[in-house]
Amino acid sequence: MNSGDVLKFPPGFLWGTATSPTQVEGHIENEWTHFTAQDGGHCRIACDHYHRYPEDIEWMARLGTNAYRFGIEWGRLQSAPFAPLNQKELARYMDLIDRLQAKGITPMVVLHHFSNPPWINTAGGWTNAATIPAFVDYVTKLIAVLKDRVYLWNTFNEPDTYACVAYLLGGFPPQRKWKLGQFRRVIDHMARAHVQASRVIRREGDAGRQPEVGIAKNWTFFHAYQRFSPWDRTTAFACHYTFNKFVLDAFLGGGRRRDSTFIGLNYYGRVRFHHFRAMIPASGTPVKTLKDFGFVCDDMVERYPAGLVKILSYLHRKFRLPVYITEHGAASDDEPFRERDLRENLAALHGAMAGGVEVRGFFYWSLLDNFEWQFGYTKKFGLLAVDFADEKLPRSPKPLAAVFAGICRTNAVDRLGSGIG
Ligand code: FCB
C-alpha cells in the first residue's frame with residue numbers, strides 16, 4: 001500500500017509535541033524552584049510558557065500538529081491536601097485547552113511529571129502512602145471540571161525515571177542515593193495511585209468519547225557492550241530488571257492491566273555498559289568518544305531505532321493495549337542528525353504497526369528547547385529554539401520543525417528524506 005519509501009500512517013493518527021510544566025512554564029513553586037542545574041540554570045522562568053502559551057499554540061498549529069501532550073501542575077491547583085482547586089490557575093489551563101481545541105489540537109493531559117506540590121514534598125513525597133489519597137482527591141476534582149474537554153489522560157510520566165533519578169542516582173530532588181527501599185515504595189505508591197485515579201477518570205470522563213488513561217513508561221534497552229563480559233551483562237540485567245520489569249509489573253501486572261486503556265511509551269534508545277560504565281553522553285562520555293566505539297548518540301543516549309520495533313512488539317504481545325509514543329526526540333545541534341534519527345524511528349514505528357501493533361499517536365519531545373532537569377539548558381530537544389539570552393525569549397523554528405510539519409501534514413514519512421516530510 002505504500003508507494004516506494006513513503007510510509008503512510010492511518011487516518012486519525014495523532015501527531016503532537018510534548019512539554020512538561022517545570023520544563024517550560026516558569027513561575028512555578030515545586031522542588032525544582034530552588035534547584036540549580038549542572039549548567040547553573042534554574043526553572044524559574046524557563047520558556048515562560050505560563051504567559052506565552054497562546055503564541056506557542058500558534059506555533060503548534062503552524063507545525064500542522066493535531067495533538068499536544070502537556071502537564072497540569074498539581075501545586076498550582078491545590079495549596080494543601082484536599083483543598084479546593086485554585087480557580088484562577090484552573091481558568092488558565094482551561095483557556096489553554098480551549099485554544100488548542102479551537103485549532104483542532106487534541107490535548108493529552110499529564111497529571112504528574114517529576115514534580116509535586118511543596119506540601120507533598122515536605123511530607124515525604126511519594127515515599128509516604130498518604131500521598132495516594134491526596135493525589136486521587138486532586139484528580140477527582142480536576143476531572144470534574146475537565147471531563148468534557150479532555151479524553152486523553154496520562155497519569156504518571158516515567159515513574160521509573162523519577163524514582164530512579166530521585167532515590168537511586170541523586171540527580172533529581174530530593175537527591176537521595178541508593179535508597180532502594182524508597183525507590184520501590186515510590187513505584188508501589190504511584191502504581192496504586194494510578195489504579196485509583198484511572199478508575200475515577202474512566203467513571204467520570206465525558207468528553208464525547210471513552211476516556212483513555214495510561215502511564216508513560218520510559219523504555220531504555222540496557223545491554224553489555226561486550227556480549228561475553230559477565231560483569232557488564234549483570235549490570236545491564238540489574239538495570240533492566242529494576243527499571244523495566246519491576247516497574248511494568250507494578251503498573252500493569254496481574255489484574256492492574258485492566259486499569260489502563262493504553263500504554264504511553266517514551267522511547268529514546270539504549271544504554272550499553274563497558275567496565276561498569278554507562279556509555280552515554282548523559283553519564284559524561286563525550287559523543288565524539290562514543291563515536292569511536294561505533295555508537296550513534298545524541299547528547300543524551302545511544303540511538304537504537306531497531307529497538308522500537310522490539311519494545312512495541314513485546315508490549316503488544318504482553319498487554320494487548322494500544323500505544324501512544326508519548327515522547328521521542330533527540331538533543332543535538334546537528335539538525336541533519338536529528339532528521340535522520342526522526343525518520344529512522346518513524347520508519348521503525350511504521351514497521352511495528354504494519355506488524356500488527358496498534359499505535360495511535362506520536363509526540364515529539366519537545367516543542368521548545370527547555371529546562372532539561374539536572375542538565376539545565378544544555379540539551380537542545382526543541383523543534384523551536386528559544387533564545388534564553390533575550391528576556392523576550394523569542395522562539396524560532398529549527399530545520400527539523402519544517403521536516404516534522406511535512407510529516408504531520410501528509411500523515412506520512414519518507415524514509416529517504418526526499419519529497420514529502
Ligand atoms: C524524558 C522526560 C522529559 C525529558 C526527556 C528528554 O525522560 O520525560 O521530561 O526530560 O526525557
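The legends below describe close-up views of a predicted model.

**View 1. The whole chain, with its secondary structure elements and overall dimensions.** The chain of this predicted model contains 13 helices and 13 strands. Its radius of gyration is 20 Å, close to the 22 Å that the globule rule gives for 421 residues, so the chain is as compact as a globular protein of that length. Taken along the principal axes, the C-alpha atoms fill a box of roughly 55 × 50 × 50 Å.

**View 2. The shell of residues around the ligand.** The ligand is surrounded by Ser20, Gln23, Asn157, Glu158, Thr161, Asn218, Asn266, Glu327, Trp365, Glu372, Trp373 and Phe381. By class, this shell around the ligand divides into three nonpolar, six polar and three charged residues.

**View 3. The packing of helix H7 against helix H8.** The axes of H7 (residues 159–167) and H8 (residues 180–204) come within 9 Å and cross at roughly 150 degrees, which makes H7 roughly antiparallel to H8. The crossing in which H7 passes H8 is right-handed. On the H7 side the contact involves Pro159, Ala163, Cys164 and Tyr167, which meet Gln182, Phe183, Val186, Ile187 and Met190 of H8. Sorted by class, the contact of H7 with H8 has eight nonpolar residues, one polar residue and no charged residues.

**View 4. The packing of helix H6 against helix H8.** The axes of H6 (residues 131–146) and H8 come within 9 Å and cross at roughly 25 degrees, which makes H6 roughly parallel to H8. This crossing of H6 and H8 is right-handed. The contact is made by Thr131, Ile132, Phe135, Val136, Val139, Thr140, Ile143 and Ala144 of H6, together with His189, Arg192, Ala193, Gln196, Ala197, Val200, Ile201 and Glu204 of H8. The contact of H6 with H8 has, by class, 10 nonpolar, four polar and two charged residues.

View 5. Most residues other than glycine have a negative phi, and most peptide bonds are trans. The peptide bond from Pro173 to Pro174 is cis, with omega near 10 degrees, and Pro174 is found in the loop between H7 and H8. A cis peptide bond also joins Trp365 and Ser366, with omega about 15 degrees; Ser366 is found in the loop between strand E10 (359–365) and strand E11 (384–386), while Trp365 is one of the residues that surround the ligand. His27, a residue other than glycine, has a positive phi, near 55 degrees, and is found in the loop between helix H1 (21–24) and helix H2 (49–63).

Note on methods: Residues are numbered from 1 along each chain as its sequence is written. This is a predicted model: local features need pLDDT of at least 70, side-chain atom pairs count only at pLDDT 80 or more; totals for chains, interfaces and linings use all residues. A residue is near a molecule or strand if its C-beta atom, placed from the backbone, lies within 6 Å of it. Ala, Val, Leu, Ile, Met, Phe, Trp, Tyr, Cys and Pro count as nonpolar, Asp, Glu, Lys and Arg as charged, and the others, Gly among them, as polar. Axes are lines fitted to C-alpha atoms, for helices over the stretch in contact, and angles run from 0 to 180 degrees between N-to-C directions. Helices (H or I, at least four residues) and strands (E, at least two) are DSSP runs, numbered from the N terminus. Angles under 35 degrees count as roughly parallel, over 145 as roughly antiparallel, 65 to 115 as roughly perpendicular and the rest as oblique. A crossing is left-handed if the near helix is turned anticlockwise from the far one by less than a right angle, and right-handed if clockwise. Two residues are in contact if their C-beta atoms, placed from the backbone, lie within 7 Å. The radius of gyration is taken over C-alpha atoms; the globule rule is 2.2 Å times the number of residues to the power 0.38.
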